[in-house]
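Here is a short report on one protein model. It moves from the surface to the core, and then to the backbone.

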Amino acid sequence: MQNIILRFYGLGYDNINQANVLIYDKNNCLIVNKKTYNNKLNLCLKTNQKYKLIAKSNFGTINTYFYVNNYLNTYSFIFNYALINQNYKRSSIITFLLTDYYYNNLPIERGNLLLWQR
């Protein structure tokens, strides 16, 4: 067993606008049904196991898998920032949709982007 921290970016603070987190084990049995506090959830899970995570908030839903190992104790997940309103502009993480210059509405899914200040 290992103590881990699940960190969710894109939520509110303290107990305001937090996510409800469901975690299932490899047998698809629900083992965790908790709400985050201050964007975090502290858990004790078995090492070398894969878990399914479903997190729901006002900002979207995260449906993914993660693997608990001995080397990592903090796992980070990001909610959809397109739904965040004016009250959450303090966040230092910015997401945007990058599209191809020649093809309208064709999203660019991977590559390198170098940014610099003028």
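L106 sits in the segment that follows β7 (74–78). Strands here are DSSP runs of E with at least two residues, helices are runs of H or I with at least four, and both are numbered from the N terminus. L106 has a relative accessible area of 42%, so this residue is partly exposed. Buried means under 20% relative accessible area, exposed means over 50%, and partly exposed lies in between, with a 1.4 Å probe and protein chains only.

Areas come from the Shrake-Rupley method with a 1.4 Å probe, and for residues only the protein chains shown count as cover.

The model is predicted: local features need pLDDT of at least 70, side-chain atom pairs count only at pLDDT 80 or more, and totals for chains, interfaces and linings use all residues. Residues are numbered from 1 along each chain as its sequence is written, and side-chain values use heavy atoms, with hydrogens and water left out.

The protein chain has seven strands and zero helices. It exposes about 9300 Å², 48% of it from carbon and sulfur atoms. Of its 118 residues, 31% count as buried. Among contacts (heavy atoms within 4.5 Å) with a separation of 6 or more, 50% link residues 24 or more positions apart.

The largest nonpolar core has 21 residues. Such a core is a set of buried Ala, Val, Leu, Ile, Met, Phe, Trp, Tyr and Cys residues joined through side-chain atoms within 4.5 Å. L6, F8, I23, L53 and F66 touch the most other members. Two or more residues each come from β1 (2–9), β2 (20–24), β4 (40–45), β5 (49–57), β6 (60–68) and β7. Beyond its neighbours within four places in sequence, I23 contacts residues including L6, L43, L53 and F66.

Aromatic rings come next. Rings of Phe, Tyr and Trp (its six-membered ring) pair if their centres lie within 6.5 Å; planes under 30 degrees apart are stacked, over 60 edge-to-face, the rest tilted. The count comes to five aromatic pairs. F8 and F79 form a tilted one, 6.0 Å centre to centre with 35° between the planes. F8 lies in strand β1 and F79 in the segment after β7, so the pair ties together parts 71 residues apart in sequence. F8 is buried at 0% relative accessible area, and F79 is buried at 3%. Ring pairs link F8, Y51, F66, Y75, F77 and F79 into a cluster.

Which residues other than glycine have a positive phi? Two are tabulated here.

| Residue | Phi | Relative accessibility |
|---|---|---|
| D14 | near 50° | 33%, partly exposed |
| N17 | near 55° | 26%, partly exposed |

D14 is in the loop between β1 and β2, and N17 is found in the loop between β1 and β2 too. Most residues other than glycine have a negative phi.

N3 lies in strand β1. N3 is exposed, with a relative accessible area of 59%. N3 and N73 are 70 residues apart in sequence, yet 6.9 Å apart C-alpha to C-alpha.
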